[in-house]
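Thanks for coming, everyone. Let me put the sequence and the model on the screen, and then we'll walk through it.

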Amino acid sequence: MKAGIFYHKRTGEPVQIIARAQTKPTFQEVICYQELTKPYEYFVMEKRQFFAEYVREFTELALTEQKQLDKREDLPDKQPRISKGVVKEMENQDPEDARLQKLIEFFDAETYLEKIKLFENMKDELNEHMLNNIAVSLDLSIEDGVDGYRFILSELEIRSKYEGERSDRY
C-alpha cells in the first residue's frame, strides 16, 4: 500500500492512512487512519464511507470562502470575477501549521532524494512526534536512545542509492 495524505471533503483537514484491514467475523473492509492535526487521533472507518468522506488531492475539494470581486473596467465584458478562494501566506501561518505543511510535503515527495532535501530543511523544526510519524511512513521504528534524525537520514540515503526504475512500478 502506498502511503498518502487524504483530505476531508467538508473541512479540508488532512489525514494519513495507517492500514487497510478487515473485521472479524464479517470481513468488512475498513481503513485505519490518523488525523494530521492536533491531537493526532487514530480512527477506523468502513472503507466505502472513508472514500466517500475523504479525497486524495487537495485540489478536488470544493473552494470555500469565495467572495465576489469588484467589476474591473479593463475587462472586455466588464463582468465581476469570482476569487479562487483564500490562501494563507506562509509568513502569517501558525508555526505548527508551517511544520505540518512541511511534513505533508515530505510525505508527498515522490523520490527519496526529494525526501532527503525536505528532511534536511526541517532539521531544526523536528520534534519527537514528527520524527516518529516520518519513521512510520518509511516503515521504520526508532528505538530508545537512538538519534532519530540521523537514523532516518541514513535510511533515506540508503534507499536513494537503490532508487531508480524500480520506483516507477509503484
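Start at glutamate 53, which sits in helix 1, residues 47–53. Helices here are DSSP runs of H or I with at least four residues, strands are E runs of at least two, and both are numbered from the N terminus. This is a predicted model: local features need pLDDT of at least 70, side-chain atom pairs count only at pLDDT 80 or more, and totals for chains, interfaces and linings use all residues. Residues are numbered from 1 along each chain as its sequence is written, and side-chain values use heavy atoms, with hydrogens and water left out.

Back to glutamate 53. Its side chain makes a polar contact with the side chain of glutamine 49, at 3.0 Å. A polar contact is a pair of N or O atoms within 3.5 Å; within protein, one must be able to donate a hydrogen and the other to accept it, and residues adjacent in sequence count only if both atoms are side-chain atoms. What else is glutamate 53 in contact with, leaving aside its neighbours within four places in sequence? Tyr7, His8, Lys9, Arg10 and Met45. Contact means heavy atoms within 4.5 Å.

Now the overall layout. The protein has five helices and five strands. Along the sequence the pattern reads β-β-β-β-α-β-α-α-α-α.

Two strands pair if DSSP finds at least two bridges between them.

Take the pairs in turn. Strand 1 and strand 2 are antiparallel over three bridges. Isoleucine 5 stands opposite glutamine 16 in strand 2. These two strands form a hairpin with five residues between them, and glycine 12 in the turn has a positive phi of about 80°.

Strand 2 and strand 3 are antiparallel over seven bridges. Glutamine 16 has glutamine 34 in strand 3 as its bridge partner. This is a hairpin too, with six residues between the strands; phenylalanine 27 in the turn has a positive phi of about 60°.

Then strand 3, residues 29–35, pairs with strand 4 in the antiparallel sense over five bridges. Glutamine 34 has tyrosine 42 in strand 4 as its bridge partner.

Buried means under 20% relative accessible area, exposed over 50%, partly exposed in between, with a 1.4 Å probe and protein chains only.

On to the core. The largest nonpolar core has 23 residues, and those with the most contacts inside it are Phe106, Phe119, Leu126, Ile134 and Ile152. A nonpolar core is a set of buried Ala, Val, Leu, Ile, Met, Phe, Trp, Tyr and Cys residues joined through side-chain atoms within 4.5 Å. Which element gives this core its largest share? Helix 2, with five residues.

Look at phenylalanine 106. Beyond its neighbours within four places in sequence, phenylalanine 106 contacts several residues, including Phe119, Met122, Ile134 and Leu156. A second, separate core of eight residues includes Phe6, Val15, Met45 and Tyr54.

Isoleucine 134 is in helix 4. Buried or exposed? Isoleucine 134 is at 0% relative accessibility, so it counts as buried. Isoleucine 134 and isoleucine 104 are 30 residues apart in sequence and 9.9 Å apart in space, C-alpha to C-alpha.

Last stop, serine 160 in helix 5. At 17% relative accessibility, serine 160 counts as buried. A polar atom of its side chain lies 2.8 Å from the backbone oxygen of glutamate 157. Serine 160 also touches Tyr112, Leu113 and Ile116, not counting residues up to four places away in sequence.

One total to finish: of the 170 residues, 31% count as buried.
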